[in-house]
Amino acid sequence: MPASAGSTGVQARCPATLNPVVNGGEAAWTIDCVGSKVHITGWVKDTKADGLCAFVKAFASFTDGSSRKEAKACPKGTTTRFAWEATGTEITAYLYLA
């Protein structure tokens with residue numbers, strides 16, 4: 001994993017809405033449960049011209065068989081949307097810069 005200039009993250013259960021901010025990036029995501037599935041949808045934005053990118057990384061048992069997902073936004077002003085589905089009722093997600 002690349003060196004992190006700043007990060008914030010949480011493990012959340014359904015339902016949850018989070019709006020983390022770090023110096024150089026921001027994000028927002030919603031976690032909802034439908035049956036035995038948990039959905040995380042949101043966006044990540046690079047807010048500073050510092051040579052770093054803003055990332056959201058999530059950990060769960062995703063329905064495609066993976067255990068990790070990542071969305072990247074850069075350069076400054078770029079916003080990237082994401083929508084992932086996993087099994088269970090919780091997802092651990094982080095906003096960080098690298």
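Tutor: Contact means heavy atoms within 4.5 Å of each other. Ala83 touches Ile40 and Thr41 by that rule, not counting residues up to four places away in sequence. A word on the source: this is a predicted model, where local features need pLDDT of at least 70 and side-chain atom pairs count only at pLDDT 80 or more, while totals for chains, interfaces and linings use all residues. Residues are numbered from 1 along each chain as its sequence is written, and side-chain values use heavy atoms, with hydrogens and water left out.

Student: Why is Ala83 called exposed?

Tutor: Its relative accessible area is 57%. The cut-offs are under 20% for buried, over 50% for exposed, and partly exposed in between (1.4 Å probe, protein chains only). Therefore 57% makes Ala83 exposed.

Student: Where is Ala83 found?

Tutor: Ala83 is in strand E8. A strand is a DSSP run of E with at least two residues, and a helix is a run of H or I with at least four; both are numbered from the N terminus.

Student: How far is Ala83 from Ile31, in sequence and in space?

Tutor: Ala83 and Ile31 are 52 residues apart in sequence, and their C-alpha atoms are 10.0 Å apart.

Student: Which residues is Ile40 in contact with, leaving aside neighbours within four places in sequence?

Tutor: Ile40 is in contact with Trp29, Thr30, Ile31, Phe82, Ala83, Trp84, Ile91 and Ala93.

Student: What makes a group of residues a nonpolar core?

Tutor: The members must be buried Ala, Val, Leu, Ile, Met, Phe, Trp, Tyr or Cys, joined through side-chain atoms within 4.5 Å. The largest core here has 24 residues. Trp29, Ile31, Ile40, Val44, Val56 and Trp84 have the most contacts inside it. Strands E2 (16-18), E4 (25-34), E5 (37-46), E6 (54-62), E7 (68-73) and E8 (79-97) each give two or more residues to this core. E8 gives the most, with 7 residues.

Student: How do you know that E4 and E5 pair?

Tutor: Two strands pair if DSSP finds at least two bridges between them. E4 and E5 are joined by 10 bridges and run antiparallel.

Student: What joins E2 to E4?

Tutor: There are 3 bridges, and the strands run antiparallel. Ala16 has Ile31 of E4 as its bridge partner.

Student: What makes E3 and E4 a pair?

Tutor: They share 2 bridges in the antiparallel sense, and the rule asks for at least two. Val22 has Gly25 of E4 as its bridge partner. E3 and E4 also form a hairpin with 2 residues between them, and Gly24 in the turn has a positive phi of about 120°.

Student: Why is the link of Cys14 and Cys33 called a disulfide?

Tutor: The cut-off is a pair of cysteine sulfur atoms within 2.5 Å. For Cys14 and Cys33, S to S is 1.9 Å. The pair therefore meets the rule. The torsion about the S-S bond is about 70°, so the disulfide is right-handed.

Student: How do you know that Cys53 and Cys74 form a disulfide?

Tutor: Their sulfur atoms are 2.1 Å apart. This distance is within 2.5 Å, so the pair counts. Cys53 lies in the loop between E5 and E6 and Cys74 in the loop between E7 and E8, so the link ties parts that are 21 residues apart in sequence.

Student: What makes Lys57 and Glu70 a salt bridge?

Tutor: A salt bridge needs a side-chain nitrogen of Lys or Arg within 4 Å of a carboxyl oxygen of Asp or Glu. The closest N and O atoms of Lys57 and Glu70 are 3.7 Å apart. The pair therefore qualifies. Lys57 is in strand E6 and Glu70 in strand E7, 13 residues apart. Lys57 is buried at 4% relative accessible area, whereas Glu70 is partly exposed at 38%.

Student: How many salt bridges does the rule count?

Tutor: The count is 2. Lys69 and Asp64 also form one, with their closest N and O atoms 2.3 Å apart. Lys69 counts as buried at 17%, while Asp64 is exposed at 52%.
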